[in-house]
Each structure stands twice: as structure tokens, then as C-alpha cells.
Amino acid sequence: MSQNNDFSTRAIHAGQEFDPTTGSIIPPVYLTSTFVQDGIGGFRGGYEYARGGNPTRSSLETLLASLEGGAHGYSFASGLAAEDTLLRALLSPGDHIIMGNDVYGGTHRLANRVFVPWGVGLSTVDMSDLDAVRAGIRPETKILWIETPSNPLMKISDVAALAEIGHAAGVIVVVDNTFASPYLQQPLSLGADVVVHSTTKYLGGHSDVLGGAIILNSEELAEKVGFLQFAVGAVSGPLDAWLTVRGIKTLAVRMDRHSANAQSLAERLVGHLALEAVYYPGLESHPGHAVAARQMKSFGGMISVALKGGPSAARKFAESTEIFQLAESLGGVESLIGYPSEMTHASVKGTALEVPENVVRLSVGIEGVDDLVADVLQALERL
Ligand SMILES: Cc1ncc(COP(=O)(O)O)c(C=O)c1O
């Protein structure tokens with residue numbers, strides 16, 4: 001499948017050749033741990049043992065690389081497994097990471113509680129403030145870790161500008177592209193060095209599988225990541241890889257609908273008497289709107305709101321919707337509602353990333369938008 005083909009075409013066909021032995025249009029799930037050899041070292045198709053490679057995982061990895069426009073794709077058992085492998089590949093004790101001050105709580109926990117005790121320095125900064133990023137770079141800084149839109153406050157970082165700043169200082173620029181998905185934003189084309197994903201979210205798209213990914217261009221880094229993927233073994237299993245591929249086929253149409261639904265809902269919520277703020281980059285009033293409009297195709301399906309009534313109102317709101325289900329995670333076809341300070345971001349309480357207790361996060365699904373708006377409005381009325 002040529003990279004010149006449209007995104008939607010690649011989402012359905014890249015890495016997805018039909019099975020030559022039976023004609024099955026869908027490549028089979030290779031539920032196998034090992035591969036018979038034609039004499040010692042005689043590998044059919046290069047496969048030896050499934051931690052090192054499995055055809056179903058390869059088809060997902062080819063697809064991910066194609067969609068992000070990268071030379072190499074790697075698939076993992078979860079987003080955090082991917083992040084852990086990447087950080088091991090890039091860091092040594094004494095190195096330093098600069099991380100956005102509004103990232104997924106688990107990402108910060110991984111850096112702060114696993115890599116900092118190993119001797120890595122960590123600082124957090126508002127990535128939308130380019131001067132603060134420049135000022136935060138030290139001689140030992142190795143990574144700028146960007147999440148845009150960020151989780152959960154929907155901050156927007158200018159990937160091209162940050163890539164320029166990072167590269168001028170010899171720093172590797174990593175973007176967690178989970179909230180946008182490659183359909184809405186392709187960080188490698190904006191100058192980033194590495195993209196990571198929790199494929200659990202929009203890529204999988206159906207809340208039925210965990211997964212993570214790394215996509216990059218550098219041959220040198222690819223060698224390290226490939227080695228660690230094999231040596232550490234946090235790989236995705238074949239059934240998980242197959243489900244993720246199936247989800248990705250509809251990514252383009254799902255993201256269009258997620259974005260349209262979220263835009264309508266956000267516009268209806270602006271000015272609501274129960275709300276102090278609506279955080280959605282598709283709103284012209286959002287401070288990152290112009291940058292988001294430049295680097296994203298549309299603005300995605302995530303909205304956060306801050307309640308005027310404080311933590312008790314936020315909790316009650318999160319427990320009062322009927323279509324939006326109260327649950328961790330995001331990016332599935334069904335709408336979810338979450339209370340970050342005690343759910344996704346409970347682990348960052350007491351750090352610079354602590355989420356205000358009046359904030360509620362909405363993952364806007366692809367149900368009928370009128371039903372979604374009515375559900376949120378009735379929950380706000382109950383306060
Ligand atoms: C932006 C972001 N990155 C990474 C992760 C971690 O992914 P996983 O839960 O698949 O390990 C999450 C999970 O919520 C996330 O929201």
C-alpha cells in the first residue's frame with residue numbers, strides 16, 4: 001500500500017494483504033507462540049518465536065507506521081508498556097526529561113516513580129509556554145515529552161515550535177498522540193522524533209482491548225526500541241493486535257463523528273450557569289485554538305469542564321449522566337465521563353500535575369448528538 005494513498009484507504013489496507021493460502025480477505029489471527037523451522041535457522045517469513053515477532057502483530061505495526069507516516073512501528077501490551085520501553089531506550093541515569101505539566105497521570109507516575117528512582121531527573125513545564133520550555137532545558141536534558149491535546153485540561157502545544165526548540169538543544173521530541181489519533185494529527189510530519197500511543201483509546205476505538213505503540217523514523221533508535229521490545233517482551237498478543245487492526249479500519253469515520261459531536265456539545269455548554277469553564281480546543285475562546293487549527297484536522301472527542309459548585313458539584317455531575325457512563329479510559333464509540341482527580345489522575349495528587357477537584361472529563365462518543373447534549377444538560381440540572 002503506497003503512502004500516497006489517502007489516510008482512510010491506508011487505514012483499511014496497509015499491512016492487511018489477504019491470506020494467500022485461502023483467499024480470506026481478513027488476515028488470520030496467528031494464535032501461536034512459535035514457528036516451525038525448515039532446518040535450524042530456516043525461518044518461514046522471518047518468524048521464530050512470538051515475543052520477537054508474530055504476523056498479526058507485524059500487520060498492526062505496518063499499519064501504525066503507515067498512519068503516522070513513520071518508517072518503523074512497534075506494538076505493545078499497553079500504552080504504558082510502550083512508554084516504558086521508549087524511556088529505557090532513550091535514557092540513562094543522570095539524564096533529564098521535561099514533561100508537559102498536564103499529561104496522563106500514569107505517564108507522570110512512570111517517569112516519577114520508576115525512572116526518577118533509577119537516577120533520571122524530571123521537571124514539568126507548561127508546554128504551551130515556549131519560553132518556559134527553553135528555560136527548562138539543561139545540558140543533560142534528553143527528552144521533551146509532549147501531550148497535545150493534553151489529558152485532562154485539553155492544553156495545546158505547538159509541536160513544530162517545540163521540535164525546533166528541542167532539536168536546537170539536541171533533545172529528542174516525543175509526542176503522545178493518543179487524544180488526537182493519527183487521523184487528526186501527525187506529529188512526525190510536524191517535526192517530532194517519536195510518537196507514542198495508548199491504542200487502547202481511539203485507535204482500538206471500541207473499549208475492548210489494551211495496547212500501546214511507538215512510531216519513529218530514526219534507524220538508530222529503531223534498533224534500540226526493537227531490541228528492547230524483544231528483550232523485555234511487553235508485546236501485544238495476536239488477538240489484541242487483530243482487534244486493534246479491526247478498530248483502526250473505521251478510525252477516520254469515527255474521528256469525524258467524535259469531533260463533530262464534541263464540537264456541538266462544547267458549544268452548547270459554553271456559558272452554562274453551572275460551569276466555570278469549558279476546555280475544548282475547537283472553541284475559538286480556547287487559548288490554543290489557533291495552534292490546534294493549524295496542526296489538527298479537527299479537534300477530537302475530549303472535553304473537560306470545571307464546575308462552579310466545586311468538588312461536590314463535580315462528583316454529583318459525574319454520577320448523574322445516563323448515556324455517558326462513569327468509567328476510566330476514553331476514545332471508544334460509547335461516551336464516558338470521569339472525575340480525573342480521583343480516577344485517571346489520582347496518582348498525581350500533590351504534584352505539579354494535580355487536577356483541580358472541580359474538573360470533570362467527557363469522552364464524547366459517536367451516539368446521536370442530541371441524546372448526548374440532553375444527557376449532559378439533565379445531569380447539570382440535577383446539581
Ligand atoms: C494520553 C494517554 N497516554 C497513555 C496512556 C496509557 O495507556 P494504557 O492505559 O494503554 O497503558 C493513557 C491512558 O489513559 C492516556 O490517556
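Domain bounds here come from an automatic or database domain assignment. Keep in mind that you're working with a predicted model.

**Exercise 1. Work out how the chain is divided and how its two parts meet.**

Solution. 
- Start with the bounds: domain 1 runs over 7–248, and domain 2 over 251–381.
- Next, get the spacing. The C-alpha centres of the two domains sit 25 Å apart.
- Now look at who touches whom: domain 1 puts 36 residues in contact with 35 residues of domain 2.
- Then ask which elements supply two or more residues to the domain 1 side. They are helix 1 (7–13), helix 4 and helix 7 (181–184).
- Helix 4 gives the most to that side, with 4 residues.
- Finish by sorting the domain 1 side by class: 18 residues are nonpolar, 13 polar and 5 charged.

**Exercise 2. Check the length of helix 8, then see what follows it.**

Solution. 
- Count first: helix 8 covers residues 219–232, which makes 14 residues.
- Compare spans. From first C-alpha to last, helix 8 reaches 20 Å, close to the 20 Å expected at 1.5 Å a residue.
- Step just past the end of helix 8, and you'll find Gly233 with a positive phi of about 90 degrees.

Notes:
Residues are numbered from 1 along each chain as its sequence is written. This is a predicted model: local features need pLDDT of at least 70, side-chain atom pairs count only at pLDDT 80 or more; totals for chains, interfaces and linings use all residues. The expected span of a helix is 1.5 Å times one less than its number of residues. Two residues are in contact if their C-beta atoms, placed from the backbone, lie within 7 Å. Ala, Val, Leu, Ile, Met, Phe, Trp, Tyr, Cys and Pro count as nonpolar, Asp, Glu, Lys and Arg as charged, and the others, Gly among them, as polar.
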